[in-house]
Amino acid sequence: MRRNLLAFFAITILTVLFTASASGQSQKPPIQITADLSDAPRKLFHAEVDLPVTEGPLTVITPKWIPGDHRPTGPVDGITGVVFTAKGQTLPWRRDDVDLYEFHLTIPAGVSTLHAHLDAIVLTNVSPKLAYLEWDKLMLYPANVPVRDIPIQPSVIVPAGWGIGTALTPIGRGANPVPAWGGATHFAVTNVEQLEDSPILTGQYFQEFALAPEISPKHYMDVASDIAEDSNLRPEALAEITNLVREADALYRSHHYNQYHFLLSLSDTAGGVGLEHGQSSENGIGEKAFSDEDHQLGDADLLAHEFTHSWNGKYRRPIGLYQTDFATAQQGALLWVYEGMTQYLGNVLAARSGLRSQTEYRDVLASSAANLDYTPGREWRSTEDTAVAASILRDGNPAWSSWKRGQDYYDEG
Ligand SMILES: [Zn+2]
């Protein structure tokens, strides 16, 4: 593993800086986006977007290559109800014939703000009691511009009484936890790249726990559940998650974020998720997954894995996997670093923090080794090829899987 670690620092040359504040972005007026999750229990989100524009042809776009998904999973097929207006007049639009994520318009003379309304049909990571807002579901922004150069100011409306967990910086009403009330919650100006990286977890049964208060910057566990008592994590689980923050502090000896939020949904209907971000992570597991030691075993390394990605994947990202916009294809050859090393370190941290016992960790290692011993596809396909081909392997069709190979860049990486 030491060899991989050295290779990591030699190969990964690209820095992704965190700009949670608006510094340096004041020269351009920001896009204003208000996400309305009032209908989230019906699996429908709404957005009102105001874009600064000038006269002439304009192409706006919605994300295609979602960071962390490693494939073009942009939710364009769920975007509906699109209406563009300027000065009260509806403007016609036409989808690009080749790039289906692009909308073409012509901005009339004298118009400086384009308003867009859209709805998003969201079938995953929502339940009648909770929802994740991933901003790619609703974002529209000018095409062919680096996304970190596009300032944007987000607001969100959630169902009355639902709590809000996010690494975004709320303005006007205090933070941690973000106060729940009936109107829009506004956040500080950020940019399109960072907003994509800053999801919101909201729910009726919502709890926020401060973790390891002696460590700076601050870490929070934000939990939403389908059943009221599940979001009140048992003390043993909270102690292990606090250990995780301390063990990561001891292992990585650096922090590049202003604060970190573990977003955790406990639901049997919302579906599973594990998605990393720089200052937060989306962790979606079953409603009883943290209820006792036995239930916890199945997802014991999830929090540690996604937390590790804040360093390996976000603060530092292997070249090829970072692109300046979400339209350009990500290249996966170094996913054995991005995911493989994170898999290793996430498992180590899960064992060190007590989320998984040392015996269980050894069993996981033995299981991985035994699986690879009985994967004849390794005769024809390299582990690196499973990474290069990640975007066509991640669907996980199990047919002939030992001959085809799957995402072996995780465990074999
Ligand atoms: Zn990962």
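This briefing walks through a predicted model, from the whole chain down to a few local details. Because the model is predicted, local features need pLDDT of at least 70 and side-chain atom pairs count only at pLDDT 80 or more, while totals for chains, interfaces and linings use all residues. Residues are numbered from 1 along each chain as its sequence is written.

**The whole chain**

- The chain holds 10 helices and 22 strands; helices (H or I, at least four residues) and strands (E, at least two) are DSSP runs, numbered from the N terminus.
- With a radius of gyration of 22 Å, close to the 22 Å that the globule rule gives for 413 residues, the chain is as compact as a globular protein of that length. Here the radius is taken over C-alpha atoms, and the rule is 2.2 Å times the number of residues to the power 0.38.
- Along the principal axes, the C-alpha atoms fill a box of roughly 70 × 50 × 40 Å.
- Of the 413 residues, 44% count as buried. A residue is buried if 20 or more other C-beta atoms lie within 10 Å of its own, exposed if 12 or fewer, and partly exposed in between, with C-beta atoms placed from the backbone.
- Among contacts with a separation of 6 or more, 72% come from residues 24 or more positions apart; a contact requires C-beta atoms, placed from the backbone, within 7 Å.

**Helix 3 meets helix 6**

- The axes of helix 3 (residues 235-252) and helix 6 (residues 335-353) come within 8 Å and cross at roughly 125°. Axes are lines fitted to C-alpha atoms, for helices over the stretch in contact, and angles run from 0 to 180 degrees between N-to-C directions.
- That angle makes helix 3 oblique to helix 6, because angles under 35 degrees count as roughly parallel, over 145 as roughly antiparallel, 65 to 115 as roughly perpendicular and the rest as oblique.
- On the helix 3 side, the contact is made by E240, N243, L244, E247, A248 and L251, and on the helix 6 side by L349, R352 and S353.

**Helix 5, under cover**

- Helix 5 (residues 302-309) is mostly covered, with 8 of its 8 residues buried.
- Its buried residues include H305, E306 and F307.
- The cover includes helix 3, helix 6 and strands 19 (259-266), 20 (273-276) and 21 (280-285).

**A look at D69**

- D69 sits in the loop between strand 4 (56-61) and strand 5 (79-86).
- It counts as partly exposed because it has 16 C-beta neighbours inside 10 Å.
- D69 and G274 are 205 residues apart along the chain, yet their C-alpha atoms are separated by 9.8 Å.

Methods:
Two residues are in contact if their C-beta atoms, placed from the backbone, lie within 7 Å.
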